[in-house]
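Please read the points below alongside the model.

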Amino acid sequence: MPQARFAALWQSLAPIGQDSRTGGYLRYAFTEADAACREWFAEEAADRELTLDADGNGNLFAWWGAETGGDAVLCGSHFDSVPHGGGYDGPLGIVSALLAVDVLRERGFRPVRPIGIAVFAEEEGSRFGVACLGSRLLTGAIDTARALSLVDANGVSVATALAGLPPATDDDPAPAGPDPDRLGRLAAFVELHIEQGRALVDLDAPVGVASAIWPHGRWRLDFVGEANHAGTTRMADRHDPMLAFAHTVIAASEEARAAAAHATIGRVSVEPNATNAIAGRVTAWLDARAAEQSTVDSLVSAVHERAKARAAIDGVTVGLTAESVSGETAFDAGLRDRLAAALGGVPVLPTGAGHDAGVLSAAGVPTAMLFVRNPTGISHAPAEYATDADCAAGVLALATVLETLAGGAAP
Ligand code: GLV
Ligand code: MN
Ligand code: MN
């Protein structure tokens with residue numbers, strides 16, 4: 001796979017949803033930018049005579065070979081981004097999958113089992129708050145009614161956003177919710193993804209295979225106090241939720257460091273958000289992750305306790321609500337070893353990042369991931385990057401994996 005071929009297809013997608021000020025991407029699920037990415041995908045699939053297919057959950061699929069029994073091999077990833085995120089997280093898995101199909105065809109490979117490319121919806125949860133929403137709906141990992149009633153910052157619900165999607169095929173749209181028939185047709189799912197760390201740099205390897213995803217989740221913290229005048233309210237009379245919020249940010253960092261875990265408060269919303277008014281309400285989101293579920297659980301409760309302790313001092317309240325929770329993923333060991341061997345003994349590594357692959361794995365689909373080296377290790381930021389040479393190596397690795405799984409012996 002010449003690097004130039006990767007670069008050409010990559011560049012045809014790259015401008016969509018890119019913010020000219022930050023260079024990051026604003027590709028939120030079911031928005032104009034997302035629709036343009038989906039249109040791009042539909043055209044690329046048509047150029048390759050792949051059959052486009054959509055479920056009722058906003059997920060798209062393109063098939064090489066008829067999707068019949070329980071033997072299909074699915075790859076792919078997602079288009080949606082975090083606010084001002086990098087362009088590789090997600091799209092690299094889709095672009096690489098399209099190019100891997102080209103590579104296999106040029107080799108004269110004829111799949112014994114159908115090969116599919118998936119585009120999963122709202123993986124980042126940047127619009128509706130729940131990560132991997134499309135794959136969770138597909139697998140039944142989220143209650144359908146709850147998912148459909150989630151709203152974005154403008155009050156638009158998932159149900160409304162799904163209803164507004166242009167039809168991807170001539171078929172009648174399927175209802176939202178679990179689709180066990182579709183899942184039952186899958187023998188394996190392999191998601192190629194940019195690495196979101198520097199392990200492959202340290203190991204001097206362009207491509208690796210995933211072993212596990214840390215358990216992780218998002219919790220909303222609602223600090224409620226009393227809005228009042230910044231100039232006339234005596235310090236002793238204030239019920240300022242900003243103080244408990246600020247203490248909680250520090251507490252989360254301290255507790256995570258002490259537990260060898262990760263905790264982040266990277267999003268906050270303040271009401272009324274005025275320079276000359278004491279805040280009445282602060283809403284913040286805690287992202288917590290660790291190698292063990294018990295560590296995540298104790299970390300979140302320690303942060304909550306410290307938030308409550310400070311809130312009591314200021315006479316404010318604090319509520320904690322789990323919005324999106326993912327248990328540990330241990331990828332299928334047989335598949336992992338088979339892929340690592342097929343790729344010549346590439347490194348096997350765990351990750352703290354969440355993926356649709358984790359959701360499919362939890363639903364019982366034998367699942368694996370390939371990681372492509374990221375020279376800076378930066379992700380969820382405009383500096384996220386992989387070289388064309390490593391991306392081309394990723395395409396070849398994915399082609400080898402698809403050849404292994406969709407050719408000869410059963411996955
Ligand atoms: C998604 O990339 C996540 O790890 O939150
Ligand atoms: Mn991501
Ligand atoms: Mn991703």
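1. A residue is called buried when its relative accessible area is under 20%, exposed when over 50%, and partly exposed in between (1.4 Å probe, protein chains only). At 0% relative accessibility, His78 counts as buried, and His193, also with a relative accessible area of 0%, is buried. The model is predicted: local features need pLDDT of at least 70, side-chain atom pairs count only at pLDDT 80 or more, and totals for chains, interfaces and linings use all residues. Residues are numbered from 1 along each chain as its sequence is written, chains are lettered from A and ligands numbered from 1 in the order in which they are written, and side-chain values use heavy atoms, leaving out hydrogens and water.

2. His78 (NE2), Asp89 (OD) and His193 (NE2) coordinate the manganese ion (ligand 3) at 2.0 to 2.2 Å. Donors are N, O and S atoms within 2.8 Å of the metal (3.2 Å for Na, K and Ca); water is not among the atoms, so sites may look incomplete. The manganese ion (ligand 2) is 3.7 Å from the manganese ion (ligand 3), and Asp89 coordinates both. Since His78 lies in strand E3 (residues 72-78) and His193 in strand E5 (residues 186-194), the pair ties together parts that are 115 residues apart in sequence. Helices (H or I, at least four residues) and strands (E, at least two) are DSSP runs, numbered from the N terminus.

3. Helix H10 (residues 293-314) has buried residues including Leu299, Val303 and Ala307.

4. Which kind of aromatic pair do Trp40 and Phe79 form? The pair is edge-to-face, at 6.2 Å centre to centre with 85 degrees between the planes. Rings of Phe, Tyr and Trp (its six-membered ring) pair if their centres lie within 6.5 Å; planes under 30 degrees apart count as stacked, over 60 as edge-to-face and the rest as tilted. Both Trp40 and Phe79 are buried.
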